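User: I am new to this structure and would like to go through it in questions and answers. Please start with any term I will need.

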There are 2 protein chains.
Amino acid sequence: MAKQNTVFKDAFNRCLKLLAETSSLPSEPELGATLGVSRTTIRAILTRMEELQLLTWDKRAKVVLRQPKPEDYYPAEETDSLSDIIERSFMRRILAGGAEPGMQINELELARDIGTGTTSVREFLIRFSRFGLIEKRPNSHWILKGFTREFALELTEVREMFELRSAASFAALAPEHPAWADLDRIEALHHEILGDIDNRYKEFSELDERFHLLVHTSSSNRFIVDFYDIITIVFHYHYQWNKTNARERNARALEEHLDYIAALRSRDPARVEAACRRHLKSARETLLQSIQ
Amino acid sequence: MAKQNTVFKDAFNRCLKLLAETSSLPSEPELGATLGVSRTTIRAILTRMEELQLLTWDKRAKVVLRQPKPEDYYPAEETDSLSDIIERSFMRRILAGGAEPGMQINELELARDIGTGTTSVREFLIRFSRFGLIEKRPNSHWILKGFTREFALELTEVREMFELRSAASFAALAPEHPAWADLDRIEALHHEILGDIDNRYKEFSELDERFHLLVHTSSSNRFIVDFYDIITIVFHYHYQWNKTNARERNARALEEHLDYIAALRSRDPARVEAACRRHLKSARETLLQSIQ
DNA sequence: TTTTTGTCTTTTATCCACAATAGACAGTTT
DNA sequence: AAACTGTCTATTGTGGATAAAAGACAAAAA
């Protein structure tokens, strides 16, 4: 097959949820805007819905006939884009499987393993190479540089440089800048999660990403913001892998965040720097600890 | 054709130069190591040389029959790898041609224009995207973000952060570290070029890259070193494009480098920082000036 | 006039095929 | 024994084909 229709399937599933809430659907362009797909895809969705007798569709009239049933949805594993699948397989191999630094990575073998063509694997590896974990030998294989202590130290060194600078710009933002409102919402979520930490500590990872990304964004520097992708992917897979003491670690990080947020609000550069450094230091220690 | 044999042609040309200097060639593995290619390619080269009656080849005996003539060489344009060709075409389009920020980039059109397949163009764009000049809309086109003033400012901001830190580490290197010897050679070249600036000012660009890369390398941080690629490519194409006052600009930069080098030698952090800042400031001004 | 729909074209994502290149291994030479 | 060559296999780089998805444009409806 030339192209997976995951965009269609995913949009179809999301459209089913919309359908559950109304008795008729809006115009094709409007649906497209809502679901973030083109009209071509919308029309394919409507056609499929008609087939399933979920609605009648005649030009503008889209009348809902019945509520969607669980079997109307496409299974979740069919809605993941190929690049997501490749990313997950690859990260599992290099993080979980005993992947030694220096190991060779073979495009063909990886592709066979995942059950996909080589082109997609190749493109993934090229994209992934900017994270500094693999390196290409032209006309030959890739080399795994490995998720080592050095990697973590180099990553955190740059992260700290960037975040200190971003935090300083954040504190200097005009009071009417929308970032302050985002910060309010994020702070409120911190309190919520801390209030029910035993049950909700797992939500930290996502909140952490949101918070730090907000800080980095205020640098208004594409290189700084883009770099945060590396942090995100490393921490994302890392949290999945290393779960020891997650509750305590997250509770502590939440407290540090609150301190950091208060410092940002004070707009006092020295205080911002101190709070930021304190949090980054403990984030680095957590990461290093989990490496060996 | 499935794959261009540019590796063969380029290695063949380089092997001709080796051949001009001796009466017989070394073993296949040794030749391979010298030219940086596999034995398969070496054997293809030897076969071709036999065909051209440049040598007789029987197992270990490779006797040179005659000196290579100019027509024995493959033309230079056939030895460039496809990705280099694509890079050049692309940079010409976006730097020289009236490429407005926000413009759409079309893989198919670009491929037709360059006379190549879409796969190669696509892979180039993915690799190139880390330079922050283009951005992908999934399932759709790329957007040119443009070589704008903001781009230059964001680039130099990060560059300055990284270089200040690298310069500080450089000054702290042990005296026996090989980087000091590299620095000596680079400094000597500075004096040579300055001594004949009217004729040799064009050599600055390459020397500049070598010097700054040496400094960045001493950070021992892959992200900092990798980032220097972006600087390199931007300045590389930029110098080709903007040549006004090149002689004066380069002379001034060479003087600043010498000052910077002396500061590194002094190992005095304050002096290093001052010299580094001074040079980076003028480098930034030069870049910004040439943008509009 | 503005938005929507029907229809059609273009482009992207992906697989596959094949030449170029790398690399493995056994036998041969020094 | 160590290095080299002959031969063979495996992998990479690249063009081409095709379904999915985007998007252009005119006709139709509000």
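Analyst: A residue is called buried under 20% relative accessible area, exposed over 50%, and partly exposed in between. The model discussed here is predicted.

User: Is Arg165(A) buried, partly exposed or exposed?
Analyst: The relative accessible area of Arg165(A) is 37%. Buried needs a value under 20% and exposed a value over 50%. Therefore Arg165(A) is partly exposed.

User: Which residue forms a salt bridge with Arg165(A)?
Analyst: The closest N and O atoms of this salt bridge are 3.0 Å apart. The pair crosses between chains, from helix α7 of chain A to helix α7 (residues 149–171) of chain B. Arg165(B) also forms a salt bridge, with Glu157(A), and there the closest N and O atoms are 3.0 Å apart. The partner of Arg165(A) is Glu157(B).

User: How many salt bridges are there between chain A and chain B?
Analyst: A search of the whole structure gives 56 salt bridges over all chains. That total is over all chains, whereas the count between chain A and chain B is six.

User: Which helix supplies the largest share of the side of chain A that touches chain B?
Analyst: Across the interface of chain A and chain B, 12 residue pairs are in polar contact. On the side of chain A that touches chain B, α6 (118–128), α7 (149–171) and α11 (222–241) of chain A each supply at least two residues. The largest share is nine residues, and it comes from α7(A).

User: About how much area do chain A and chain B bury between them?
Analyst: In the contact, 29 residues of chain A meet 29 residues of chain B. Of the buried area, 56% is on carbon and sulfur atoms. The area that chain A and chain B bury between them is about 2,600 Å².

User: Which residue meets Glu187(A) in a salt bridge?
Analyst: Glu187(A) is buried, with a relative accessible area of 18%. The pair links distant parts of the chain, 78 residues apart, from helix α8 (residues 178–195) to helix α12 (residues 246–266) of chain A. The N to O distance is 2.9 Å, and the partner of Glu187(A) is Arg265(A).

User: Is Glu187(B) buried or exposed?
Analyst: Glu187(B) is in helix α8 (residues 178–195) of chain B. Glu187(B) touches Leu258(B), Ile261(B) and Arg265(B), not counting residues up to four places away in sequence. With a relative accessible area of 18%, Glu187(B) is buried.

User: Which residues form the covered face of strand β1 of chain A?
Analyst: In a regular strand the side chains alternate between the two faces of the sheet. Strand β1 (residues 55–58) of chain A has Thr56(A) and Asp58(A) on the uncovered face. On the covered face are Leu55(A) and Trp57(A).

User: What is the bridge partner of Leu55(A) in β2(A)?
Analyst: Four bridges join β1(A) to strand β2 (residues 61–64) of chain A, and the two run antiparallel. In their hairpin, two residues lie between the strands, and Lys59(A) takes a positive phi near 55 degrees. The partner of Leu55(A) is Val64(A).

User: Which are the edge strands of the open sheet in chain A?
Analyst: The open sheet has three strands in the order β3-β5-β4 (chain A), with antiparallel pairing. An edge strand pairs on one side only. The edge strands are β3 (104–105) and β4 (134–136) of chain A.

Note on methods: Residues numbered from 1 in each chain as written. Chains lettered and ligands numbered in written order. Predicted model: local features only at pLDDT ≥ 70, side-chain atom pairs only at ≥ 80, totals over all residues. Heavy atoms only, no water. Contact = heavy atoms within 4.5 Å. Buried area = accessible area lost by both parts, 1.4 Å probe. Salt bridge = Lys/Arg side-chain N within 4 Å of Asp/Glu carboxyl O. Polar contact = N/O pair within 3.5 Å; in protein donor to acceptor, adjacent residues only side chain to side chain. Buried < 20%, exposed > 50% of the residue type's maximum accessible area, 1.4 Å probe, protein only. Pairing = 2+ DSSP bridges.
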